[in-house]
Amino acid sequence: MTSVVNERSTMEAFGPHRAYASGLRLASGVEPDRVVNTHCCFCGQQCGIQLKVKDNEVVGFEPWTDFPFNRGMLCPKGVKRYLQGAHPDRLLRAYQRDTTASSGFAPLAYDQAIHRVAEAIGRIQQAHGDDAFAVLTGASLTTEKAYLVGKFARVCLRTANIDYNGRLCMVSAAAGNKKAFGIDRAANPWEDILPAEVVWISGANVAECAPITTEYVWQARENGARIIVVDPRITPIARTCDLFLPVKPGRDVALFNGVLHLMITHGWVDETFVARSTVGFEAVAEHVRAWTPARTAEVTGVPESAIRQAAEWWGTAQTSFLMHARGIEHHSHGVQNVLGAINIVLASGRIGRPGCGYATITGQGNGQGGREHGQKCDQLPGARDISNPEHRAHVARVWGVEPESLPGAGVDAYEIFRKIDKGEIRGLLSICFNPKVSLPDNNFITRALEKLDFYVAIDFFLNETARHADVVLPGSLHEEDEGVVTQVEGRVIKINKAVECPGDARQDWRIIQDIAGALGRPHGFTFDGPRAIFDELRAASQGGVADYSGITYEKIERQFGVFWPCPSEDHPGTPRLFESGSWNPVARGTGPFYFPDGKARFNVAAYTPPAEDTDADYPLMLTTGRVVSQFLSGTQTRRIGPLVDQYPEPRIEMHPQLADRLAVRDGDWVTAETRRGDCTLRALVVTTIRPDTVFIPYHWPGRKSANQLTIAAQDPISKIPEYKVCAVRLRKAAAAPDHAVLEPQQG
Amino acid sequence: MPVAANTEFFIDPSRCIGCQACVQACEECDTHRGHAMIHLEYIERAQSTQTTPVVCMHCDSPTCAEVCPADAIKRTADGVVQSARKPRCIACSNCVLACPFGVPKMKSEFELMMKCDMCYDRTSVGKKPMCATVCPSQALHFGTREEVERLRPRAQPVNRFRFGQQWITTKVNMMAPAAPPAYIDVTAAMHAGPTGRRYALPVVGAGASG
């Protein structure tokens with residue numbers, strides 16, 4: 001059959017189109033039917049927000065000033081998030097791929113679609129084994145959904161191959177925290193930023209990616225804090241910081257080692273804390289002996305004087321807060337970068353006390369909760385280890401299955417695509433993940449998607465990846481379901497339902513259960529709602545490191561969230577980890593850290609250059625990241641008109657010294673090339689970036705996608721891809737690219 | 001109900017991160033839905049990420065009202081300068097040209113001058129203005145003077161401005177360094193460049209152009 005599908009027709013039918021306020025959303029004086037206290041659907045800050053509902057439509061918002069984390073504050077994404085509802089692109093029914101239809105899809109009755117999915121899963125697993133069907137999920141799902149999908153993969157599909165898009169986000173920090181502290185969670189609530197004498201921010205574009213954290217940092221400064229920012233770009237938070245360290249991309253661990261070297265040589269190490277509460281310091285001290293200020297400066301590109309100043313401020317402070325984000329984590333040695341950061345925190349002894357803090361700034365809405373309860377390939381609920389027999393036995397008991405029936409650890413999200421490419425994985429279910437935009441070297445991802453025997457996508461909009469699906473099932477928007485998520489501080493909060501699902505769309509947990517039923521394996525998949533799923537999750541997490549057993553929906557509402565661990569209903573939760581004398585289920589009273597001896601671990605953090613360093617052919621470094629008005633792969637934010645208008649299209653940010661050599665002026669079309677692909681975008685010529693580095697935001701698809709260029713090198717421990725550095729060359733483009741005629745949000 | 005006398009507006013541009021939450025939220029205000037009245041400008045993007053938000057300063061003697069030939073712009077007793085009154089406004093743009101802070105906007109589709117009214121629908125019922133409520137950096141802050149003195153010891157509110165020979169006193173405060181000048185000389189500052197971090201680095205591998 002001849003295919004008549006073209007991408008333009010698909011976009012015409014399914015978007016992305018831009019929605020703007022109209023009708024009730026533009027009218028003055030509309031009395032809402034109700035106002036629902038809930039949270040933003042985007043980043044890990046999870047700001048409290050009130051949604052105004054009229055006639056089963058979210059018509060606007062009101063700042064929720066009582067919620068303590070953000071006290072009404074919102075970024076532009078939060079302000080306009082309400083426009084994602086009642087959207088013209090919304091999937092209102094199931095579809096199947098149909099190459100005779102110009103859009104590429106034909107409508108399908110929901111029950112038939114479920115039947116087709118079950119039939120395909122059965123066929124593939126029978127012919128190629130259980131692991132030949134994989135599941136890819138996302139960290140924007142509520143914890144109940146993440147838990148249920150993890151259980152579905154292990155119990156219903158019996159596949160080892162489930163992983164999630166947190167693989168692109170938090171896994172380096174998670175792995176580093178587990179190695180050093182035995183637990184993966186922000187160590188402190190954000191209020192501990194306020195009394196810090198030094199706030200150290202490494203690789204975190206706080207103003208654009210975690211805007212609400214800005215106010216905490218500025219308030220610390222009002223209280224007398226010095227702000228140190230480490231970044232290749234002078235981001236808005238860096239502009240007025242007290243000390244800026246313009247690090248070369250991929251060299252963060254060298255900087256931390258150099259700082260620790262100076263702390264040791266100047267006697268700025270808290271030796272009492274190190275002796276009493278840590279192990280492994282000697283080996284690390286020996287390792288950093290070679291990281292003299294001169295060598296550190298040479299490797300990092302940061303002036304020696306600035307390194308010495310940073311070490312002195314950090315070394316002599318009485319209180320401090322160190323935070324980092326993807327800037328140090330998105331590397332082929334991301335875990336080493338994180339361990340380097342933790343080493344200078346442990347050496348300072350400033351953790352586990354008021355005003356003494358450390359945290360990664362979790363990126364995704366449920367980045368924290370989404371990784372704790374079973375959609376990560378090596379983890380079971382309660383942050384349990386799928387390879388640990390005791391952990392398997394506990395979870396198997398809650399699930400009513402034999403421990404032996406649970407599969408072992410699967411492979412990471414990128415490796416799933418390599419296995420698809422090799423023909424080992426033949427079928428895929430994805431939910432809440434848009435890898436065609438978000439994974440590195442994404443031309444490879446596109447080729448792999450076309451090799452699948454069967455692909456089913458569950459989503460509320462047809463994202464770019466789902467255009468390759470055989471069946472599309474209409475899932476639920478954030479405001480159409482309830483459940484919990486865990487935000488950046490480790491605070492478990494409650495998402496409340498504001499409106500009903502439209503058309504044939506339904507809550508994702510119902511869809512998963514419908515597939516289990518159609519497969520003839522409904523046992524364990526007959527929950528009547530998120531509350532019932534949460535109750536089982538609480539039991540499954542009980543006794544684990546991420547213990548939610550004492551958390552209830554009511555307690556969350558009452559306390560404005562509950563910090564895990566919360567091991568019993570009379571326990572208030574644990575805002576600050578590692579307090580002296582605190583109890584945890586691993587140390588059992590021997591110390592505050594989550595190891596049998598209760599002590600934290602120093603880890604030698606070795607520096608290695610990026611997987612692909614610059615050379616004569618590719619002489620510049622490419623780094624990627626976000627802009628404030630867009631979020632991740634843009635499935636939602638590229639459909640919200642005012643957010644698109646704020647930053648319509650990606651631009652290549654470069655220093656005027658570089659632009660001059662290329663004879664490029666601001667706004668010119670420039671082609672960036674790497675060994676994997678090329679991309680032609682307009683230049684943004686600014687002095688706020690290192691002259692040897694260029695930056696492209698990654699939210700756009702197709703020929704505008706930065707991830708055509710990025711490298712699929714991964715950290716050997718966390719498997720996070722190296723989004724933050726690869727070798728690139730630039731040239732002025734002869735003409736505007738073909739994509740210049742598309743609407744800005746399309747690609 | 002008037003805006004409570006003990007609550008004031010404080011702008012601290014050194015906190016601004018340019019996120020435009022204020023612009024997006026301004027559009028959501030009930031009195032002018034779909035239209036942002038606030039201004040957010042890059043000082044000079046090529047050199048700096050510095051941005052600054054401008055709301056109506058609500059002058060004691062509003063130039064916009066003084067130059068209005070139709071007497072369409074009113075200052076209520078609580079010191080808030082309101083948008084032009086629709087029945088009176090003749091859309092002449094005198095106010096747009098005359099305002100030293102560049103605040104009023106001529107909406108030709110309505111033949112009406114519109115401007116920031118400090119979210120009068122909100123502030124007159126005890127709420128904060130939309131922009132200052134959502135502002136993630138609190139560069140836009142609405143609260144009591146006592147609160148600001150307690151929370152922000154590094155800066156002092158200033159509400160006297162000089163534009164050439166014109167002196168203006170405003171209801172809205174601008175945060176200035178801890179030992180603030182008696183007034184802010186806007187004309188003198190007009191040609192100053194952006195402030196904040198800059199650095200110069202030689203191009204690594206210069207000559208090996210891509």
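Trainee: What makes strand 9 and strand 10 of chain A a pair?

Mentor: Two strands pair if DSSP finds at least two bridges between them. Strand 9 (residues 226–230) of chain A is joined to strand 10 of chain A by 3 bridges, and the two run parallel. In strand 10 of chain A, A:L245 is the residue opposite A:V230.

Trainee: What kind of model is this, and how is it numbered?

Mentor: It is a predicted model: local features need pLDDT of at least 70, side-chain atom pairs count only at pLDDT 80 or more, and totals for chains, interfaces and linings use all residues. Residues are numbered from 1 along each chain as its sequence is written, while chains are lettered from A and ligands numbered from 1 in the order in which they are written. Helices (H or I, at least four residues) and strands (E, at least two) are DSSP runs, numbered from the N terminus.

Trainee: Why are strand 10 and strand 13 of chain A called edge strands?

Mentor: Look at the whole sheet. It is open, has 5 strands in the order 10-9-8-12-13 (chain A), and pairs in parallel. Strand 10 (243–245) and strand 13 (356–360) of chain A each have a single partner strand, so one side of each has no neighbour in the sheet. On average, neighbouring strands of this sheet are turned by 10° against each other, direction ignored.

Trainee: Which helix lies across strand 10 of chain A?

Mentor: Helix 13 (residues 304–316) of chain A does, at about 125° to strand 10 of chain A. It also lies across strand 8 (198–202), strand 9 and strand 12 (320–324) of chain A. Such angles run from 0 to 180 degrees between N-to-C directions, with axes fitted to C-alpha atoms, for helices over the stretch in contact.

Trainee: Which residues of helix 20 of chain A are called buried?

Mentor: A:N442, A:I445, A:A448 and A:L449, in helix 20 (residues 442–449) of chain A. They cover an arc of only 105° around the axis, which puts them on the same side of helix 20 of chain A. Buried means 20 or more other C-beta atoms within 10 Å of the residue's own (exposed: 12 or fewer; partly exposed: in between), with C-beta atoms placed from the backbone. The arc is taken from the directions from the helix axis to the C-beta atoms.

Trainee: What do the buried residues of helix 20 of chain A pack against?

Mentor: Helix 18 (413–421), helix 19 (435–438) and strand 17 (454–459) of chain A. Contact means C-beta atoms, placed from the backbone, within 7 Å.

Conventions:
Contact = placed C-beta atoms within 7 Å.
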